[in-house]
Structures are given as structure tokens and as C-alpha cells.
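I opened the model to look up its cavities, its nonpolar cores, its aromatic pairing and one backbone angle. My entries follow.

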Amino acid sequence: MRDVRKWPTSLVRLVKRHRDPVVVQALRSSAAATIAYVIALRLSPEAAPLTAPLTALLVVQVTLYSTLTTGIRRVNSVVAGVLVAIAFSLLVGLTWWSLGLLIVAALAVGHLVRVDEFVPEVAISAMLVLGVTTVGDTAWARVLETLIGAVVGLGCNLLFAPPVWVGEAGQSIEGLSRRVRQLMLRMGEEAAGRTPVERATASLHEARRLDHDIVEVDAALRQAEDSLRLNPRVKEGLLHRVVLRTGLDTLEICTVVLRVLARTFTDLAKEREFEPLFAPGTGAAVEQLLSEIGDAVVSFAVLVTTPVSLNADAAESRLAAELRQAVATRDKLAQLLLEEVQRDAGQWQLHGAVLTEVNRILDELDTEHRSRRLLEELDRTAREQRERMPRLTRLWESVPAPLRRGRTGADRRST
């Protein structure tokens, strides 16, 4: 009976493990390489056509968009290297000095054909082909095997659509927001009492370390953005990308402002070394305000990571309510700070800075500000797409207006 109870948890862990990027990449790459080798055995004149599985292994990526772009560049790099090797074999053959010239020429050709990170692959292909005896047969066999590997790699992702990594990116964004909230709670506790300079400085260093968290979340978001491009499982790819990207931008601005706020608290701790940072009532208001803003930051992250095709009204309502409460507390804090400055104007600049930084975070989290920025980003992205693909834009404009209005209306409803 005990084993039966463990089944649901084990099943959930198994499913999560199967969606792990490392596992997905390993399974897809292994399958693609094996299939490419089996096909190459039948089509290539080589006894062991390992170029096909090698190409398939290198072409297959976690996302369909990366697979397509990588496959095209890799095929170009191999074909360019083979052509360079054929030219050198006909003119000079293989010597120590021709090998050096071959590498230089292959690298130069790689930059000319714009294969980006696969420039060394041009030189590698050229050296491998030039080093064999039957240059002509091996060269074209290598091209054939490369094409087989690339086609198999592309086909694996077309037939078995890769996972969409929006959920993982959303978890990263929510994790960042919770770390921001924890820091705000700690700073609020410091504001309510006497804070040693060392403790305030430690909070400042932690706020600075949030930059590293932003980099990690940005990497997860880039993977999610790639997984949304050209993916048949996604109907609202552009909207997903823009919502997540603008949400991360907002959180990044909030972390920058929080770092400035932590620096202000550190300066206050240096100025008021033997007394509390604020008067008792003011410190309690600062603690309450930072707690409410921290809750709003988490609610904002939940809102931007909620799938746009679902009803996000509850998350938006909760965020709006928390922001209203935070604004009311902010107004109360402003009055308390004014009274404290009137009694002692020694640190009025730092007190004013606290209020300014809090206002900036509240403005960034405002729902109207988010909606306006989201629309601006959607317009900008759509305009850039029209400029990059004018022919596709003209083709879209040739579609009957009722069909275009229907699609646009569906997109509007999803926002």
C-alpha cells in the first residue's frame, strides 16, 4: 500500500525529468544521429558515413528555431569547406604550406558566407576532405552525408515538436520576484530598528547580486523566446514573448531601484550609527510599505507569467489591490518623513531619496504603465517584422479584410 501512495509523486517527478532540457536534448540528438546513420549507410558510398550522424547531432537543438537556423549555417559551412578542399586538391595537393593556405582560405570563406559560429567547421571540413586519397568521391559523399544529417535533424523537430520553455522561464521570473521580496522584507526589518553599518552593507551586496540572477533569468527567457518561434504548438508566440520580455524588463528596473534604496539605507546607517534609521513610527511605516511592495512584485510576476490564453483577471485584480494599499501606505510615510525632517533636517536628502525610490518602483508596477508599455512593444515588434519581411507583409495585406480582422480581434481578446 505504501508503494501505491508513492506512485503519484514518482510519476510527477518522471514527467518533470522528461521535460528537463538535458534529457530532451539527449533523446532528440541520439534519435536523430541514429536515423541519419541508417539512411547514410544506404545512400552514401562510404563504408562508415559518420558525417551524417555527426551533422545531425550538431544540428539538433532544444528549440525548432535554433535547429532551423543552425542547420542552414552548418550545411553552408560544410559545403564551403568541401569546395575549398576540391579547389586546393586540383591546384596544389597536400603539403605543409598548402595546409596553412587551406586553413586561411577556409576561414576567410567562412566569414564571407556568414556561417557565424561555424567558421571553424569550414576549415575542419576542408582539411578532412583534402587529407583523403580519393578527393572527388569523398568530397561529394561528405556533402551528401551532411545534407542527410541536416535534413534528419530538421525533420526530428518538425515531426516531434520540441517543448515550449515558457513554464521554465516563468518559474525563473517568479523565483527572481520572490528573492526581491525577501530582500525587501529584510530591509524593512532593518528600517524599523537600529541597523549596524555592516548589516546594511550586507543588504546592499545582496541587492547587487541580483544582477547575476537577472542574467540567469534572461538566459531562460531567451530559450523560451526561441522555443516560441516557428513552433506549431504555439498560437500566440509573439504575445507570449513580449509579455515575458517586458515583465523581466520591469523587474530588472525594480532591482536597480532596490539597489539604490539599499545604498540609501547604508548611508543612513553610517549617519545614524548609534540610533535607529528612522523614528519608531516612520520605521514601522517603511517596514509595512516594503512588505506591501514585495507582495506586489510577486503578484506582478505571477501576472506576467500567467498564460495569455487563460483568464488573468484574478492576478491583475490582486496586483491592483496590493498597489492601492501600497500607495496609501506611501502617502502615510510621506507625511511621517515630512514631520521627521521638520524636527531634524540633518538627513533630509536621504529621507527624500527613500520616498523617490519607492515611488519609482510603484510606478513601474502600475498596471496602466504595464499595459501601455506592452502595446508599445507589440507595435514596435510588428513594425520591425514588417520592415524585415516586406514581401510577407504585402502578402498578408492581400488577405481579405474579414479574415485579417478576425485574427486581429482574436489577438486583441487574448490581451
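I began with the largest cavity, which holds about 50 Å³ of space. A cavity here is a set of points, on a 1 Å grid over the protein atoms alone, where a 1.4 Å probe fits but cannot get out. Points are joined across faces, edges and corners, and the volume is the space filled by probe spheres set on them. I found 3 cavities of 30 Å³ or more in the structure.

Before going on I noted the terms of the model. It is predicted, so local features need pLDDT of at least 70 and side-chain atom pairs pLDDT 80 or more, while totals for chains, interfaces and linings use all residues. Residues are numbered from 1 along each chain as its sequence is written, and side-chain values use heavy atoms, with hydrogens and water left out.

Next I listed the lining of the largest cavity (residues with an atom within 4 Å of a point). Val243, Thr246, Gly247, Thr250, Phe300, Val304, Arg370, Arg373 and Leu374 line it. They divide into 4 nonpolar, 3 polar and 2 charged; Gly counts as polar and Arg as charged under this scheme. Helices are DSSP runs of H or I, at least four residues, numbered from the N terminus.

The core has 55 residues, and Phe265, Phe278 and Ile293 have the most contacts inside it. Helix 10 gives the most to this core, with 13 residues. A second, separate core of 18 residues includes Val78, Val84, Phe88 and Val115.

What does Ile293 touch, leaving aside its neighbours within four places in sequence? Ile293 is in contact (heavy atoms within 4.5 Å) with Met184, Ala326, Val358, Ile361, Leu362 and Leu365.

I counted 1 aromatic pair, with ring centres required to lie within 6.5 Å and planes over 60 degrees apart called edge-to-face. Phe265 and Phe278 form this edge-to-face pair, 6.0 Å centre to centre with 70° between the planes. Phe265 sits in helix 10 and Phe278 in the loop between helix 10 and helix 11, 13 residues apart. Both Phe265 and Phe278 are buried.

Last, I checked Arg114, whose phi is positive, near 60°. Most residues other than glycine have a negative phi. Arg114 lies in the loop between helix 5 (96–112) and helix 6 (119–130), and it counts as exposed because its relative accessibility is 69%.

Definitions and conventions: 1 Å grid on protein atoms, 1.4 Å probe; cavity = no way out; pocket = protein on both sides within 12 Å on 5 of 7 lines; lining within 4 Å. Phe/Tyr/Trp six-rings, centres within 6.5 Å; stacked < 30°, edge-to-face > 60°. Helix = DSSP H or I, 4+ residues; strand = E, 2+ residues; numbered from the N terminus. Buried < 20%, exposed > 50% of the residue type's maximum accessible area, 1.4 Å probe, protein only. Core = buried A, V, L, I, M, F, W, Y, C linked by side-chain atoms within 4.5 Å.
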